[in-house]
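These exercises concern helix packing and ligand contacts. Work through each task before reading its solution.

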Amino acid sequence: MKILVVNCGSSSLKYQLVNPENAEVFAVGLCERIGIDGSKMEYEVPSRDFEKKMEVSLPTHKDALTIVIKHLTDKEIGVIESVDEISAIGHRIVHGGEKFVSSAVITEEILAAIEENNDLAPLHNPANLMGVRTCMELMPNKKNVAVFDTAFHQTMPPEAFMYPLPYEDYTELKVRKYGFHGTSHLFVSEVMREILGNPEHSKIIVCHIGNGASISAVKDGKSIDTSMGLTPLQGLMMGTRCGDIDPAAVLFIKNKRNLSDKEIDERINKKSGILGVFGESSDCRDLENAVEIGNERAILAINMFSYRIKSYIGAYVAAMGGVDAICFAGGIGENSSVIREKSLEGLEFLGLELDKEVNSIRKKGNVKLSTEKSKVQIYKIPTNEELVIARDTYRLVK
Ligand code: ADP
């Protein structure tokens with residue numbers, strides 16, 4: 001069984017050929033700068049330790065997918081003889097709105113329904129859909145499945161997902177909290193539930209902290225709240241996104257600085273967060289290095305970043321009436337011992353105890369970071385969104 005997982009952005013295409021039953025990755029890679037000068041392609045076959053990176057002209061997504069297929073089926077470096085071996089294609093779709101509470105086999109009707117959500121994710125959904133259409137064109141006999149970033153959070157109750165705006169903004173414009181990173185929150189919380197022994201009741205907090213970051217409260221396997229909102233801008237402080245701020249600040253800055261809609265949007269999405277406060281980089285490794293040499297703005301940024309994670313953990317412990325486990329995933333969650341430690345500092349009153357030594361050692365895979373006597377399990381769990389997409393695709397097409 002081989003599922004092709006496609007994550008298509010406006011100028012990129014990430015792909016993975018994976019066995020959904022045992023998680024084996026046959027090939028993985030990405031195409032970058034599609035339609036822009038200096039486009040690149042990466043292709044990797046993990047089982048053979050084979051890696052190829054090259055600059056190649058990629059004017060369109062169709063060119064990108066064509067070259068991916070060429071590599072996958074290449075006589076020497078390929079992993080399949082022909083595309084016939086691909087059972088189905090799973091696509092990451094960012095916004096499923098309220099219509100999609102789970103993944104769906106793609107038909108023209110489903111495509112139209114996804115298109116209706118384009119307004120809610122103008123940067124992502126049209127690009128995701130282009131990936132679907134390109135696959136349909138180049139591999140017309142394959143089934144395509146849409147896996148939505150928002151679907152896992154559709155179990156949130158109204159008191160969590162509604163915004164206190166005029167009610168017609170919800171009914172007419174569908175303005176509400178949707179949440180994102182759903183496949184990651186689902187994957188990590190499921191792994192954690194298994195580690196806990198699959199109890200009937202469980203209260204798990206998942207901190208998916210990467211360049212984009214969100215936290216979720218998962219009670220008995222269902223997302224009951226999450227930090228991202230109508231768009232992925234709400235919630236935590238992120239690499240370049242501001243997260244929660246007073247919405248009036250946006251208008252205030254826009255007017256005072258005389259900015260266009262596009263400029264203020266860029267300011268809060270691309271120039272804020274770690275980059276905005278620290279000023280030198282949005283990357284957590286650069287931030288940590290600057291903290292080490294006493295850079296004051298870096299220290300402020302890392303303190304703000306961690307404080308906000310801690311505040312959400314506190315809120316979600318309250319929302320669930322307790323917590324059994326806190327999990328860290330994402331580039332920062334999996335790798336930054338400093339941010340994990342700072343985010344949990346002061347939460348000992350919950351009965352949790354971080355094993356600081358274990359936390360400071362970098363180790364692959366799922367790692368228990370709490371001490372034996374800690375009442376709350378603390379874990380690092382590497383996420384695997386592609387596997388969730390592949391598994392869902394397999395489930396729907398088999
Ligand atoms: P996204 O998928 O949202 O683009 P990732 O999950 O890949 O982001 O996370 C990227 C972030 O992870 C960057 O800020 C990067 O600095 C951070 N990161 C990666 N490795 C480390 C590390 N060893 N220590 C600290 N931060 C790290």
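**Exercise 1. Ligand contacts**

How far does a backbone N or O atom of Gly212 lie from an oxygen atom of the ligand?

Solution. The model is predicted.

Step 1. The backbone N or O atom of Gly212 is 3.0 Å from the ligand oxygen.

Step 2. A pair of N or O atoms counts as a polar contact within 3.5 Å. A polar backbone atom of Ile332 sits 3.4 Å from an oxygen atom of the ligand. For Asn335, a polar side-chain atom is 3.4 Å from a nitrogen atom of the ligand.

Step 3. The surroundings of the ligand comprise 13 residues, and the closest are Asn211, Gly212, Asp283, Cys284 and Gly331.

**Exercise 2. Helices α6 and α15**

Are α6 and α15 roughly parallel or roughly perpendicular?

Solution. 

Step 1. The axes of α6 (residues 182-195) and α15 (residues 385-397) come within 8 Å, crossing at roughly 90°.

Step 2. Angles from 65 to 115 degrees count as roughly perpendicular. So α6 is roughly perpendicular to α15.

Step 3. Thr183, Ser184, Leu186 and Phe187 of α6 are in contact with Glu385, Leu387, Val388, Ile389 and Arg391 of α15. The contact of α6 with α15 divides into 5 nonpolar, 2 polar and 2 charged residues.

**Exercise 3. Helices α11 and α13**

Which residues of α11 and α13 make the contact? Begin with the geometry.

Solution. 

Step 1. For α11 (residues 296-320) and α13 (residues 337-344), the axes come within 8 Å and cross at roughly 50°. The two helices α11 and α13 are therefore oblique to each other.

Step 2. The crossing of α11 and α13 is right-handed.

Step 3. On α11 the contact is made by Ile302, Asn303, Phe305, Ser306, Ile309, Lys310 and Ile313, and on α13 by Val338, Ile339, Lys342, Ser343 and Leu344. By class, the residues of the contact of α11 with α13 are 7 nonpolar, 3 polar and 2 charged.

Key:
Residues numbered from 1 in each chain as written. Predicted model: local features only at pLDDT ≥ 70, side-chain atom pairs only at ≥ 80, totals over all residues. Heavy atoms only, no water. Near = heavy atom within 4 Å. Polar contact = N/O pair within 3.5 Å; in protein donor to acceptor, adjacent residues only side chain to side chain. Axes fitted to C-alpha atoms, helices over the stretch in contact; angles between N-to-C directions. Helix = DSSP H or I, 4+ residues; strand = E, 2+ residues; numbered from the N terminus. Parallel < 35°, antiparallel > 145°, perpendicular 65-115°, else oblique. Contact = heavy atoms within 4.5 Å. Nonpolar A, V, L, I, M, F, W, Y, C, P; charged D, E, K, R; others polar. Left-handed = near helix turned anticlockwise from the far one by under 90°.
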